Amino acid sequence: MHRTDDRRPFAPSRVSRARRRLVGGCVAVAAALGLAACGTASGALQPSAAGTTGAGQSPITLSPTAPTAPSAPAGGPATAIAPTPGSDGAPASAAPPVAAKPRTPTAPGTSTAPGTPSGTPSGTPAPPPGHAGGGKVIGSTASGGRTVALTFDDGPGPATGPILDLLAQYGVKATFCEIGQNAAANPALVKRVLAEGHRLCDHSVHHPQPFAKLPHDKAAYEITAARDMIVRAGGPGTAVGWFRAPGGGFNADNEQITAGLGMSSLGWSVDPRDWSRPGVPAIVSAVQSQLRPGGVVLMHDGGGDRGQTVAALKQLLPWLVAQGYTFDFPAA
């Protein structure tokens, strides 16, 4: 009698251990994918009727398991990564964002007292931080109190005459920070500034920026040569009491050069940015909102079309008088 058992196909009830392991793996995969059963022996996943796994197999109940925490990366335990200062996630108290540097010069205040007064309107240029120099950059009037010093940069130019006319109308004395080459080209205007009781300030020969980055020899030339040009244009006895660095670019070196020539370093406390021609109302509003008693106002009588500055001055002079301000020169 021949035995044929070995040649008969395996019955479903005699599944090998390997097949059971395969089915068990398929069940796990099916559970992960939301499928009811594991189909063919090749491991292809096929849905079947709920509660069955195929012919001859018992129903398998898939119970959900609690989620597990992510494992730590190889090489050590998982750790919380704190945001670096200045990143998007950093708390404001950890590292306040650094303000972007303005594209245009900002007004230098007194180097020993940086900061913006409380209540300053938004958009008002803030005084810059203390500069590298050890001296004092002037940002206030000589006598203090309810006084104001008007200063005009980059002239003399076409607007200098109309501005002098307005100042004369109100009996105002101002300070003119002149470019050396402009003074040399317009000596009559320099003489008129002096004759009408105003004072002069050195504003360099060529207005280079950033001025604080100039090497010593270049800075010394810009300051000294401009002073000499202004003196020659004004004639014998001409005094130049201040130097104003272009863009407020003071540092220890150029302050020392300035002091060695008998001049003071002149900054400002009010900057209406009239050089940018923002419109007459904007210039007027900026001066009115930024000015505090003893302030130094920066405006321009040269360097371009200053029609808006002249028009703004027509409104500001009577307003200043009505507010009880008297006019003074900067401290020295």
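Which residues of β6 lie on one side and which on the other, and are they buried or exposed? In this predicted model, Gly295, Val297 and Met299 lie on one side of β6, while Val296, Leu298 and His300 lie on the other, and all of them are buried, so that both faces of the strand are covered, where buried means under 20% relative accessible area. Taken as a whole, strand β6 spans residues 295-300, and six of its six residues are buried.

From β6 the reader can turn to its pairing partner. Strand β1, made of residues 147-155, pairs with β6 in the parallel sense, and six bridges link the two. One point at which to look for this pairing is Thr151, which stands opposite Leu298 in β6, and Leu298 is itself one of the buried residues named above.

Strand β3 (residues 199-202) runs parallel to strand β4 (residues 240-243), and three bridges join them; here Asp202 has Phe243 of β4 as its bridge partner. Helix α5, covering residues 216-234, belongs to this arrangement as well, for β3, α5 and β4 together make a right-handed β-α-β unit.

The path then continues from β4, passing through helix α6 (residues 252-260) to reach β5, and this β-α-β crossover is also right-handed. Strand β5, which consists of residues 264-265, runs parallel to β4 and is joined to it by two bridges, and within this pairing Trp242 stands opposite Ser264 in β5. Strand β4 therefore pairs with β3 through three bridges and with β5 through two bridges.

Note on methods
Residues are numbered from 1 along each chain as its sequence is written. This is a predicted model: local features need pLDDT of at least 70, side-chain atom pairs count only at pLDDT 80 or more; totals for chains, interfaces and linings use all residues. Side-chain values use heavy atoms; hydrogens and water are left out. Buried means under 20% relative accessible area, exposed over 50%, partly exposed in between (1.4 Å probe, protein chains only). Helices (H or I, at least four residues) and strands (E, at least two) are DSSP runs, numbered from the N terminus. A crossover is right-handed if, with the strands pointing away from the viewer, the path from the first strand over the helix to the second runs clockwise.
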